[in-house]
Amino acid sequence: MTRLTTEDVKALSDRLDDFEAGLRDLTGLGLRELAMGTVAHPPVCVPLYGARVAAVPVTSGDGVIGGFADCVVAILRHLGCDAWVTAQPDVRGIQEAYDAATDVLFLADDHRFIALNTRTARCVDDDPATADGYVTALEAAAGSLLSRHVLLLGLGPVGRAAARRLVSRGAAVEVVEPDGSRLRAALDVGLKLQPVTLADGLSRCDLIFDATPSGGFIDAGDVSSITIAAVPGLPSAFTPAAQAALGARHIHEPLAIGVAVMAARALV
Ligand code: 2YG
Ligand code: MG
């Protein structure tokens, strides 16, 4: 699991509007529509406006990431939620949020990032929310995934969730996963995936899903004017030159799409 830095989250808080504008140009969807289109087909209206949502800083393990909870709140407010960071961290923060009649709590330690609905007791995990949200973005940008070849990079927690979603949306998934045990685990649960080499996959697929924690191994020469890349993976698999060549077709940010889908999934 990639640990975000204060620079990562600060940069996102500063460019949330720009990111959403690029996303809307490419997919026709803003963060709200994308989140609602992810939690239900066809999309349903989720009561995000005015929902009382608290982000609770967690000090365990490697401790608080400066700006992380603030960035989560910035994204939630962007969605129309009545969101704030609790004054206290940890258990005191959870108590503070409950005393303030909060609908949903967001909290993350070094291992998990979750959203908890205090009324329905629903617990939503970031990994499948991020994966599903990025598949929605790729599908909206491509128009449809039906029988489209999609190159999936990585079968970690986000990659496995993305594989399930891509297959369920009708895509022909080609996968690159150097770890044989991860590949077997995915195939053993019956996921229809075609293992390929990176070179073969890049030569056949215009749609790419990067769910790897490794970066900069796909260069400008490997992409074309019709390539679209959904990149929840941190850092991006694409070199700066490849990212420049892709422009808005390189869908990549550290937290916004995941938090938007978590909020919608927690409140639906
Ligand atoms: O409360 C805090 O500030 C810290 N306990 C947060 C720690 C979060 C660690 N996890 C990560 O940085 C990422 N895995 C979060 C999710 C990234 C995108 N999907
Ligand atoms: Mg990567």
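Guide: A crossing is left-handed if the near helix is turned anticlockwise from the far one by less than a right angle, and right-handed if clockwise. With that in hand, we can look at this model, which is predicted.

Visitor: Which hand does the crossing of α1 and α3 have?

Guide: Helix α1 covers residues 6–27 and helix α3 covers residues 68–78, and their axes come within 9 Å of each other. The crossing of α1 and α3 is right-handed.

Visitor: Are α1 and α3 roughly parallel or roughly antiparallel?

Guide: The axes of α1 and α3 cross at roughly 15 degrees. Because angles under 35 degrees count as roughly parallel, the pair α1 and α3 is roughly parallel.

Visitor: How many charged residues are there in the contact of α1 with α2?

Guide: Helix α2, residues 31–39, packs against α1 at an angle of about 60 degrees, with the axes 9 Å apart, and α1 is therefore oblique to α2. On the α1 side the contact includes Glu20 and Arg24, while on the α2 side it includes Arg32 and Glu33. Alongside 5 nonpolar residues and no polar ones, the number of charged residues is 4.

Visitor: Which residue has a side-chain N or O atom 2.7 Å from a nitrogen atom of ligand 1?

Guide: Among the 15 residues around ligand 1, those that come nearest are Leu4, Val58, Ile65, Ala108 and Asp126. Leu4 places a backbone N or O atom 2.8 Å from an oxygen atom of the ligand. The side-chain atom that lies 2.7 Å from a nitrogen atom of ligand 1 belongs to Asp126.

Terms used
Residues numbered from 1 in each chain as written. Chains lettered and ligands numbered in written order. Predicted model: local features only at pLDDT ≥ 70, side-chain atom pairs only at ≥ 80, totals over all residues. Heavy atoms only, no water. Axes fitted to C-alpha atoms, helices over the stretch in contact; angles between N-to-C directions. Helix = DSSP H or I, 4+ residues; strand = E, 2+ residues; numbered from the N terminus. Parallel < 35°, antiparallel > 145°, perpendicular 65-115°, else oblique. Near = heavy atom within 4 Å. Polar contact = N/O pair within 3.5 Å; in protein donor to acceptor, adjacent residues only side chain to side chain. Contact = heavy atoms within 4.5 Å. Nonpolar A, V, L, I, M, F, W, Y, C, P; charged D, E, K, R; others polar.
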